[in-house]
Amino acid sequence: EKLAYCCEVKSLGCNPEPVEDTDFDCQAGADDWKRGWNDQKKAYCCTEGRAPCEEFNCDAGLSNSDLGWSVSKRAWCCTNK
C-alpha cells in the first residue's frame with residue numbers, strides 16, 4: 001500500500017518495465033550501481049541476481065552497530081540480512 005502511494009504520488013519505488021535485452025554488463029559500474037545505473041539495468045542486474053545490489057554493507061561496522069549505524073542502515077540490514 002505504501003509502495004503504491006509512493007509510486008503514484010511521488011514517482012518513487014515504481015517497478016520499471018521488464019527488460020528483454022540481456023546485453024547489460026552487470027559487473028561494469030557495480031561499485032556505484034545505485035547512482036550509475038539506469039532503472040532498466042538495475043531491474044535486470046539486481047532482480048536477476050547478476051550483481052550484488054545491496055543498499056548497505058552490513059558487515060561494515062557490525063561490531064559497533066548500536067552506536068555507529070544509522071536508523072535506515074539498521075532497519076535495512078536487520079530486514080535483509
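The legends below describe close-up views of the cysteines in a predicted model.

**View 1. Confidence along the protein chain.** The mean pLDDT, the predictor's confidence in each residue from 0 to 100, is 80 for the protein chain, with 79% of its residues at 70 or more. Confidence is lowest in helix α1 (residues 2-10), with a mean of 70, and highest in helix α4 (residues 65-68), at 90; helices are DSSP runs (H or I, at least four residues) numbered from the N terminus. In this predicted model local features need pLDDT of at least 70 and side-chain atom pairs count only at pLDDT 80 or more, while totals for chains, interfaces and linings use all residues. Residues are numbered from 1 along each chain as its sequence is written, and side-chain values use heavy atoms, with hydrogens and water left out.

**View 2. The disulfide of Cys 26 and Cys 45.** Among the 3 disulfides found in the whole structure, each a pair of cysteine sulfur atoms within 2.5 Å, one joins Cys 26 to Cys 45, S to S 2.0 Å. This pair links distant parts of the chain, 19 residues apart, with Cys 26 in the loop between α1 and α2 (33-36) and Cys 45 in helix α3 (residues 39-47). Cys 26 is buried at 6% relative accessibility, and Cys 45 is buried at 0% (buried is under 20% relative accessible area, exposed over 50%, partly exposed in between, with a 1.4 Å probe and protein chains only).

**View 3. The disulfide of Cys 46 and Cys 53.** The torsion about the S-S bond of Cys 46 and Cys 53 is about -85 degrees, so this disulfide is left-handed. Cys 46 is partly exposed, at 25%.

**View 4. The surroundings of Cys 78.** The sulfur of Cys 78 lies 7.0 Å from the closest cysteine sulfur, that of Cys 77, which is too far for a bond. Cys 78 is exposed at 59% relative accessibility, whereas Cys 77 is buried at 4% and is joined to Cys 58 by a disulfide.

Definitions and conventions:
Helix = DSSP H or I, 4+ residues; strand = E, 2+ residues; numbered from the N terminus.
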